[in-house]
Every structure is written in structure tokens, then in C-alpha cells.
Amino acid sequence: MTMARGKGEDGPHPVDRHVGRRVCEKRLALGYNQSDLGRALGLTFQQIQKYEKGANRISASKLWDIARFFKVDIGYFFEGLTGAQLAGMAEGETAFEHDFPATRYTIEIGRLAPQLSTRQQKLALELIRDMADRKETDED
């Protein structure tokens, strides 16, 4: 197996996408926009955008700076990623089951859900499932 570097024929490497997504999720959870993070790191918001999409690989030193800014351990950005996932991937296969863009809304839903009772969580889940099913049928 060869090690893919950067952006290949099939797009960004899965690790770069995963790390970028974790940066995006943490940024949104802390209430920062891309310009805020860019200013703190001496970068443009466009560069932050490319990092978050995995289009540009984040250097080790820049990832260190991001971790310090967010006050998290650098390992935070790799949580949920295992070597077994990547080693077992077939050509062109993605390592992540949920490859949807993080938004401030999905993060807030995830943050608030544990505060609800089990009954309320079930009702909220049913509502979200119903809305997702309707979206699929509305598009047909």
C-alpha cells in the first residue's frame, strides 16, 4: 500500500479531511468563525476553509498552534481515526461513515441532546428522522 500525500485523483486524503473536520467542529463549538481563527494564526479565512475541507494539509507546527488556540491536546484532531480504518480501506473507499459537513446547528444539536430526558431525545430523533425522510421524498 502506498502512502497517499495531499490531494490525489480522488480528492483530499481521508486523514486530512478528518483533521480538517475536527478543526471545523471545534471552531464552531467554541463560537469562532473562520476569520477569527485565521487572525489568531496569521492566516486568511480562505486558508482556514481549505484546511477544514482537507484540500490543504495542515502542517505539524500549524496544527500545534491550532491546538494551543483551542486549548486542546493535539490528539483531539485525530480522535475517531484509527490505523485499522485506513489500513483496511480499498482503493477509493472512504474511512468515515458520516462524511457530512459540520455546521453550528449539528454541533449544537449534539451538545444539547444529552441535556434532554430519554423521552425527549426519542421525540427529537423521531422529528429529525421524519424531516430527513420528507426531504428525500420532497426532492423526488
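The structure is a predicted model, in which local features need pLDDT of at least 70 and side-chain atom pairs count only at pLDDT 80 or more, while totals for chains, interfaces and linings use all residues. Residues are numbered from 1 along each chain as its sequence is written, and side-chain values use heavy atoms, with hydrogens and water left out.

The protein chain contains seven helices and two strands. Read from the N terminus, the order of the elements is β-β-α-α-α-α-α-α-α. Of the 140 residues, 29% count as buried; here buried means under 20% relative accessible area, exposed means over 50%, and partly exposed lies in between, with a 1.4 Å probe and protein chains only. The chain exposes about 10,000 Å², of which carbon and sulfur atoms supply 53%. Accessible areas come from the Shrake-Rupley method with a 1.4 Å probe, and for residues only the protein chains shown count as cover. Among contacts between residues at least 6 apart in sequence, 63% join residues at least 24 apart, a contact being defined by heavy atoms within 4.5 Å.

In soluble globular proteins, nonpolar side chains tend to be buried together. The largest nonpolar core of the chain has 16 residues, and Val23, Ile58, Ile66, Phe70 and Phe77 touch the most other members. Two or more residues each are given to this core by helix 1 (14–29), helix 2 (34–41), helix 3 (45–53) and helix 4 (60–70). Helix 4 provides the largest share, four residues. A nonpolar core is a set of buried Ala, Val, Leu, Ile, Met, Phe, Trp, Tyr and Cys residues joined through side-chain atoms within 4.5 Å. Beyond its neighbours within four places in sequence, Phe70 is in contact with Val23, Lys26, Arg27, Leu30, Tyr32, Leu37 and Phe77.

Two packed helices are described by the angle between their axes and the distance between the axes. Axes are lines fitted to C-alpha atoms, for helices over the stretch in contact, and angles run from 0 to 180 degrees between N-to-C directions. Angles under 35 degrees count as roughly parallel, over 145 as roughly antiparallel, 65 to 115 as roughly perpendicular and the rest as oblique.

The axes of helix 2 and helix 3 come within 8 Å and cross at roughly 105°. These two helices are therefore roughly perpendicular to each other. Gln34, Ser35, Leu37, Gly38 and Leu41 of helix 2 make the contact with Phe45, Ile48, Gln49 and Glu52 of helix 3. By class, four of the residues in this contact are nonpolar, four are polar and one is charged. In this scheme Ala, Val, Leu, Ile, Met, Phe, Trp, Tyr, Cys and Pro count as nonpolar, Asp, Glu, Lys and Arg as charged, and the others, Gly among them, as polar.

For helix 1 and helix 3, the axes come within 6 Å and cross at roughly 120°, which makes helix 1 oblique to helix 3. Asp16, Arg17, Gly20, Arg21, Val23, Cys24 and Arg27 in helix 1 meet Tyr51, Glu52 and Lys53 in helix 3. The contact of helix 1 with helix 3 comprises three nonpolar, one polar and six charged residues.

The loop between helix 4 and helix 5 (83–87) holds Val72, which is buried at a relative accessible area of 19%. Not counting residues up to four places away in sequence, Val72 touches Lys26, Ala67 and Phe77. Val72 and Lys26 are 46 residues apart in sequence, with 9.3 Å between their C-alpha atoms. Lys71 lies in the loop between helix 4 and helix 5 as well, but Lys71 is exposed at 75% relative accessibility. Although Lys71 is not a glycine, its phi is positive, at about 60°.

Asn56 is placed in the loop between helix 3 and helix 4 and is partly exposed, at 27% relative accessibility. With residues up to four places away in sequence set aside, Asn56 touches Gln47, Lys50 and Tyr51. Its C-alpha atom is separated by 9.8 Å from that of His13, 43 residues apart along the chain. Asp65, in helix 4, is partly exposed with a relative accessible area of 30%. The C-alpha atoms of Asp65 and Ala40 are separated by 9.0 Å, the two residues being 25 residues apart along the chain.
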